[in-house]
Amino acid sequence: MISRTARTGGTVESGDVRSGGVQRAGERMAGVRAAGMRSAGVRAGGTLWTRVLLALTGAGLRLSASLCLGFFLFHILPGDPVLSLASGHPVTAEALALRRRELGLDRPLLTQFGAYFANMLRGDLGTSFGYHRPVTDLLQERLWPTVLLVGTAAVVSTALGIWSGVLAGWRPDGRLDRFTSTVALVLWATPTAWLGLLLLIGLGTGVGPLPGWLPIGGLHATPAPSGLPATVLDVARHLVLPCLTLVAVQYGQYHLLIRASVITQRQHQYVAVARATGLRDASVRRRHVLPNALLPTTTQAFLNVGLVLSGAVAVEAVFSWPGLGYLAYEAVRIPDLPVLNGTLLVFCTAVILMNLIADLTVAWLDPRTVQ
Amino acid sequence: MRLNRCVAVLLGFVAASGPPAAAAARAEAPTPVTMVVAALQDVDTLNPFVGSQATSTQIFRLTYDYLTDYSPVDNSPVPGLAKTWTTSADGLTWTFRLREGVRWSDGKPLTSKDIEFTYRTLMDHPTLANAAQVQNFAAVRASDPVTLVITTKVPIPNMLTLDIPIVPAHLWAGHDPETGLTGTAALVGSGPFHLVEVRQSSYYRFESTRGYWRGTPKVSGLIFRHFNDSDAAVQALRKGEVDVVGNLTPAQYDALAGDRRIARNEAQSSRFTELGFNAGAARADGTPIGNGHPALRDVQVREAVDRAIDRRVLVERVLDGHGTAGVGYLPPAFAPWGWQPPPTSIRGFDPAAANRILDEAGYRRGPDGVRLMPNSQRRLAFNLLVPNGRAHYQQSATYLTGWLKAIGIEIRPQLLSDTEKGARTAVGRYDMFLGGWILDPDPDYLLSVQTCGARPVGSAVGLTDTFVCDPGYDRLYQLQARQLSRDERARTVQQMQQRLYDNADLLTLYYPAVLEAYRGDRFAPLLRRPAAFGSVNGSWSYAAAVPLRPAQPDQGVPIWPLVAVALLVVVIGGGLWRLRATRDHRE
């Protein structure tokens, strides 16, 4: 993660120097920024569409390649689903054999693969071994809680990271920088499950005089209230702790990333020019430094949304959040092959889609990358 | 301006998040009491023909009736839907007289037709979850609405402990039992509780059935709340969000000791942990399979291993004292089936004797201290499969490695998942393994996995645990299957365990206690099954639970200090912000 961050930061930095930071800053100062963007868009018109098309094709290829790989990887997972589902219960050997045939596990691997792919193209992801329900139903049920949790956490942690990172990078090694960067690093290094459990004990159960005013896990109260406003408020209360945990461990990387970019930008002359014209520091930061410093963070933010969809397992486990990550984690135990394949499809799509969006957004934000 | 709006939103949220729940509880406090049970396993399905997870079977016990039940006192069979029963002289025909006036939750009467339908469905679909229990049924006939006649191919000793929920024939007829019912039809049952709300992976809500034939439950409702993490469930118990939590770790259980609001229960003798050997894995026709170490086929090596193990240390250090040392296959307290060797023939902890046995049998020590097989250079180095699902396996493996090293046996523990362990043992690719079983009230299934017939046929997977094949044991297994007198059968079952012990085919290490806790301030002591040392985590205890007082609302959340703190933070933060801004400006 660190190396990728450094690399992305490096590329933009050198690009900036090449294209002449001063001149560019001058454009921005004169308020030509928007116009410059537009002209860049027109100039790159043909190539941009080609680029989109190419990117889409690439994404499709990548998706099918990962799904093929996943299918065979899941099949070499240790464990026999028929056996592990029957373990500890009175069964007969004939029933086991029959069950294996029903699930189609006795057929050659390539036949199973063909059937899986053909069904998937028709939108049928099979029936879960463990839950005895269509995988598409399970995924739909679990997708929204995960998107809600991960989405909220992504928005909050990006905003928080950018805010604290800009302030820290403006005066590197100042007292504020030392404090916020230490906090961000420590939180980033904290094991998610452990932090979650601490927050759950502190704010959920309550310690000493601290009252436990937030619920201990789950998506709803038991029983859930009826009516839309009550439901929204109820889910929001349940969202606080898991979201806080995710934000705490995630925002650090945005903080560090944007801090580094701001430090670089700070050295450019356009900043000095801007300050010399008498602009307040706050507006120099916001209007001139931040837009230039945001590029690597944009990439990182999109990539993270894709990754975190699968990576919230620890939070979903501690807070009993009925999400996708935990569904996949539990499915490995059996192994519940249809569920594993289904969740892989969602995760891969998320990562690849977010990569695609990041590519295109960065191209739109900074036309230099298209050339 | 913008800041003020933020404050308003923040305050609104803080104010709204606290009191409503408490206020609601206060308003409707007097009568209904709902018991919240922490479910640590997800419910796999609500279809009683396929569901097999522990939580699902617990739900079936709450929402359906069974032909007969277990006595909460001693687990012996007691009337369920059947009031009385008779057996023919050859033990092949059973006639059950049913309770009258039992109704499904949709109002239709429950008759012998429903039981006939349920059993026949299982007989026709051998892959359904409970089908193995009816595999020896020849015919099931509802001769009139309150009489059911079952004929069997061979005598079935566990006929009175069939674990098969009876489903409503009028709803299920014509449906594929694999797919099951959907919508409200799927929730129709006849048990002490009925399901009213299902949110998969969140919670299951039940209401008690008024006028249930065994008596209306004292609690008005029951909620199974799903937890992915048992530490979180314990926190919810402390806080009062849940009332019952089962399957605690020794550390969690001990940490709850000081809390006066919480009652704890240590249920004994419902499971055991074994050290299994590969004493010659083979298929049912005798073809050897796998790669087990040949030395383990020698009963003297297995006995020496047994004598090198200090079980009391395992119980004290690994289980923190929550359990008992293992002897026979089934726990001695598991009456009437449990057995332990007479004091004279018990193989106690005695490393010196273990060394002597191995010396005399010709297993001399090699240069590195590890023994060699007689007339061979093959070292006594065994792999030990250790499932990573439970911490006590890993801890026990560490002790075993040290103890066996002292008698010249090298152990190489291999940590793996439960499923991988299952897959390795099924094909005999192991030397030793650690594993465990949970006991049903009837021992038939656990006895059957040690018969020759449980070994794999052809390339299929068998049900065997350790590939034991002892014709003498099998004869006794056949005998107990025909013994309809509980006492006679118990004696045979004990003889079978004697044979297992004498052959040292597997070593029972300990019987871990099942650790449970519940809110003693909200409920009178819950019912244990069996009464002397059993678990409180089951339908028998929920249906009989007596709420102590009308539900007390949790202490009202002191909201004003929080609001004050939030205000303070915002004011100070805002002030600092302004200060910083002007400082920048000054510069």
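Is A:His132 buried, partly exposed or exposed, and how many other C-beta atoms lie within 10 Å? The first legend answers this.

**View 1. A:His132 sits in a loop of chain A with a positive phi.** This is a predicted model, in which local features need pLDDT of at least 70, side-chain atom pairs count only at pLDDT 80 or more, and totals for chains, interfaces and linings use all residues. Residues are numbered from 1 along each chain as its sequence is written, while chains are lettered from A and ligands numbered from 1 in the order in which they are written. A:His132 is partly exposed, with 17 other C-beta atoms within 10 Å. (Buried means 20 or more other C-beta atoms within 10 Å of a residue's own, exposed means 12 or fewer, and partly exposed is in between; C-beta atoms are placed from the backbone.) The loop runs between helix H7 (109-121) and helix H8 (135-170). Helices (H or I, at least four residues) and strands (E, at least two) are DSSP runs, numbered from the N terminus. Phi of A:His132 is near 55°. Most residues other than glycine have a negative phi.

**View 2. B:Ser201 also has a positive phi, about 65°, and is not a glycine.** Its loop links strand S8 (193-199) and strand S9 (203-208) of chain B. B:Ser201 is buried, with 22 other C-beta atoms within 10 Å.

**View 3. A cis peptide bond joins B:Ala335 to B:Pro336.** Omega is near -5°. B:Pro336 lies in the loop between strand S14 (323-325) and helix H10 (351-360) of chain B. Most peptide bonds are trans.

**View 4. The bond between B:Arg529 and B:Pro530 is cis.** Here omega is about -10°. Look for B:Pro530 in the loop between strand S19 (514-519) and helix H16 (539-544) of chain B.

**View 5. Helix H11 (391-406) of chain B has 16 residues.** From first C-alpha to last, H11(B) reaches 24 Å, close to the 22 Å expected at 1.5 Å a residue. That expected span is 1.5 Å times one less than the number of residues. The buried residues of H11(B) include B:Tyr393, B:Leu400 and B:Trp403. Down the axis of H11(B), the buried residues fall within an arc of 135°, so they line one face of the helix. (The arc is that of the directions from the helix axis to the C-beta atoms.) On the other side, B:Ala391, B:Gly402 and B:Ala406 are exposed. Just after H11(B), B:Gly408 takes a positive phi of about 85°.
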